[in-house]
Amino acid sequence: MKSLRGQLLVASPQLPDPNFYRSVVMILDHDEDGAMGLILNRTCSRTLKDIWPLISNRPCLSNALIGVGGPVEGPLLALHNNPLLDEFQVLPGVFFSQKRESIEQLVTDGKSSIRIFLGYAGWGGGQL
């Protein structure tokens with residue numbers, strides 16, 4: 001099986017599923033057991049600064065909108081460029097993290113490029 005990690009899925013205009021209508025999904029991980037991805041082109045009305053007090057007491061200066069990563073609920077997830085705080089590399093120079101401590105450091109260090117997401121897209125084995 002060839003992994004689709006790092007590939008983009010672009011929704012067909014005929015796709016009726018409202019969860020993925022006009023979406024672009026980056027596949028973060030893919031193996032025989034299933035796949036996980038993030039919708040890259042959908043945001044919610046809340047900013048990182050709005051929700052940050054629920055996560056940390058450290059200051060957050062970012063007014064970036066939170067991405068809606070997909071229909072599956074989950075913790076905050078981050079795509080970023082800091083190899084020291086990654087859980088795995090999605091593409092060269094693009095890393096994934098979901099550990100609270102890593103996201104807190106990424107947000108407050110002011111040095112990393114980061115996008116934060118709530119939720120993700122998931123598929124079981126053989127669904128993609």
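Leaving aside its neighbours within four places in sequence, with which residues is L76 in contact? In this predicted model, L76 is in contact with I51, I55, Q98, I103, I116, F117 and L118, once neighbours within four places in sequence are set aside. L76 also belongs to the largest nonpolar core, where it is among the residues that touch the most other members.

**Nonpolar cores**

- The largest nonpolar core holds 13 residues, and those touching the most other members are L48, I51, W52, L76, I103, V107 and I116.
- At least two residues of this core come from each of α1 (48-51), β6 (72-80) and α2 (100-109).
- Helix α2 supplies the largest share, namely three residues.
- Another core lies apart from this one; its 11 residues include M36, F88, V90 and F96.
- In soluble globular proteins, nonpolar side chains tend to be buried together.

**Strand pairing around β5**

- Strand β5 (residues 65-68) pairs with strand β4 (residues 43-47) over two bridges, in the antiparallel sense.
- Within this antiparallel pairing, G67 of β5 is the bridge partner of T43.
- Strand β5 also pairs with strand β9 (residues 114-124), again over two bridges but in the parallel sense.
- On the β9 side, L118 stands opposite V68; L118 is also one of the residues in contact with L76.

**G37, a glycine in β3**

- G37 is located in strand β3 (residues 34-39).
- Its relative accessibility is 0%, and G37 therefore counts as buried.
- Beyond four places in sequence, the contacts of G37 are V25, M26, I27, L28, G69, Y120, A121 and W123.
- The C-alpha atoms of G37 and V24 are separated by 9.8 Å, with the two residues 13 apart along the chain.

**R22, a loop residue with positive phi**

- R22 is found in the loop that runs between β1 (8-10) and β2 (24-31).
- The phi angle of R22 is near 55°, a positive value in a residue other than glycine.
- Is R22 buried or exposed? R22 has a relative accessible area of 62%, and because exposed means over 50%, R22 is classed as exposed.

Conventions
Residues numbered from 1 in each chain as written. Predicted model: local features only at pLDDT ≥ 70, side-chain atom pairs only at ≥ 80, totals over all residues. Heavy atoms only, no water. Pairing = 2+ DSSP bridges. Helix = DSSP H or I, 4+ residues; strand = E, 2+ residues; numbered from the N terminus. Core = buried A, V, L, I, M, F, W, Y, C linked by side-chain atoms within 4.5 Å. Buried < 20%, exposed > 50% of the residue type's maximum accessible area, 1.4 Å probe, protein only. Contact = heavy atoms within 4.5 Å.
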